[in-house]
Amino acid sequence: MANKRKKLLFVGAMSVLIIIGLVIGSQKNYIYNRLSDEEVYERLKIWFNPEDDEIELFQKLNEQWSGWKLVQGYNGVVNIEPETIDLSKIGDYEITYTVTAINNGDKELVKEYKKIIKVVEAHPQILMKEKNIVLHLNDYFEEDEWYSVINIIDWQLIVECNVDTSEMGKYYLTVKAVNPRTLETIQDEMTIDVIDESMENKDGCRLLWVVDREEIAEKGHYATINVEQQGHWQWVLISDEVGHYETIHHEEISHMEWDSEKFYWYSYYDETNEVRFVIASYELEEMGMSPAEYGATLGNWVKGFLIKPDWRYTNEHKVVDREAYDEVIWVVDKPAVWEEQWIIDCEAYSYQVWVVDQPKQQEIGHWENICD
């Protein structure tokens with residue numbers, strides 16, 4: 001009884017929910033039915049993050065970017081074309097967002113949004129864990145543990161390190177990223193002081209770094225590099241071929257053939273072996289006689305007969321090699337015109353590079369223990 005009551009309550013609750021849904025749906029349809037197309041268009045909205053029509057993304061290897069990442073919310077059915085772009089290829093990509101809805105009059109309403117995604121070259125970022133550290137003699141130092149680089153892509157990474165923890169001194173770890181096309185350089189540096197722990201802890205004394213040669217800054221100048229236009233020759237269609245179709249009638253082609261049948265010549269001869277009479281087998285057939293019967297009618301002079309095979313033509317008839325037909329052909333009135341043109345692959349451009357006249361020289365010195 002309890003289970004039956006539960007079932008009745010569940011069915012009743014579901015019925016109420018269905019009725020509420022139908023009421024809401026009918027009210028919604030009633031509301032939309034009263035809206036003009038312009039008002040429905042106003043409701044077909046997408047909320048973007050960010051709001052800009054042009055968005056810059058850094059180039060990345062082997063990564064797809066989805067256009068849905070810009071969408072915060074929307075009304076209607078949204079279609080994105082293209083839905084993803086390849087971040088490994090630098091360039092501009094136009095993404096179209098199409099929002100559609102169907103009003104109660106079964107009319108499809110469409111609204112479009114466009115965004116330009118600019119995939120730009122990503123400059124490397126060098127992250128140094130520290131700008132300066134202090135080590136004691138024979139301490140462990142591994143240069144790779146003190147820096148990281150992101151967005152390196154096709155830049156060249158150069159790491160310079162002169163650390164020797166077996167001797168006291170001031171050392172440097174320099175990390176550079178160089179663009180091989182423009183020679184643009186991004187770099188960062190950290191200083192490593194290697195000292196003797198026993199000297200550092202001596203009572204009444206302090207370690208002092210004495211500069212023997214001050215650091216000398218790099219000197220140089222900017223030079224302009226001119227890159228010539230790059231391209232290739234290609235045949236380009238200037239004007240299309242002009243012509244018309246014509247119908248050509250081809251007559252039937254045939255030849256005559258003869259039917260033939262095999263027959264025998266019967267040569268009758270006498271005691272002197274002289275042939276006295278010749279008759280064909282088809283003539284004997286017409287008379288209804290065999291060669292022997294026919295020989296008996298010739299008289300006592302017949303000794304025998306010789307047989308010689310041959311052929312005769314009985315009927316001539318036509319053999320069709322090709323039926324008559326019509327062929328539609330293209331007749332050229334004016335041939336197409338092609339011209340070899342220079343296609344520009346890359347416009348001429350210039351860029352500035354830094355030319356080093358005097359390289360940077362780092363500070364050189366030594367540690368001294370100054371005691372009171």
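Predicted model: local features only at pLDDT ≥ 70, side-chain atom pairs only at ≥ 80, totals over all residues.
A polar contact is a pair of N or O atoms within 3.5 Å; within protein, one must be able to donate a hydrogen and the other to accept it.

**Around K170**

K170 sits in strand β13. Its side chain makes a polar contact with the side chain of D193, at 2.9 Å. That value falls within the 3.5 Å cut-off, so the pair counts. Leaving out residues up to four places away in sequence, K170 touches T191, I192, D193, W209, E363 and W367.

**The largest pocket**

How big is the volume of the largest pocket? It is about 580 Å³. The lining is made up of 22 residues, and those closest to the pocket's centre are K176, T185, Q187, E218 and V356. The table sorts the lining by class.

| Class in the lining of the largest pocket | Number of residues |
|---|---|
| Nonpolar | nine residues |
| Polar | seven residues |

**Out at D372**

D372 belongs to the segment after β25 (364-371). Is D372 buried or exposed? D372 is exposed, because its relative accessible area is 88% and exposed means over 50%. Now take D372 together with I253. In sequence, D372 and I253 are 119 residues apart. In space, D372 and I253 are 127 Å apart, C-alpha to C-alpha.

Conventions
Residues numbered from 1 in each chain as written. Heavy atoms only, no water. 1 Å grid on protein atoms, 1.4 Å probe; cavity = no way out; pocket = protein on both sides within 12 Å on 5 of 7 lines; lining within 4 Å. Points joined across faces, edges and corners; volume = space filled by probe spheres on them. Nonpolar A, V, L, I, M, F, W, Y, C, P; charged D, E, K, R; others polar. Helix = DSSP H or I, 4+ residues; strand = E, 2+ residues; numbered from the N terminus. Contact = heavy atoms within 4.5 Å. Buried < 20%, exposed > 50% of the residue type's maximum accessible area, 1.4 Å probe, protein only.
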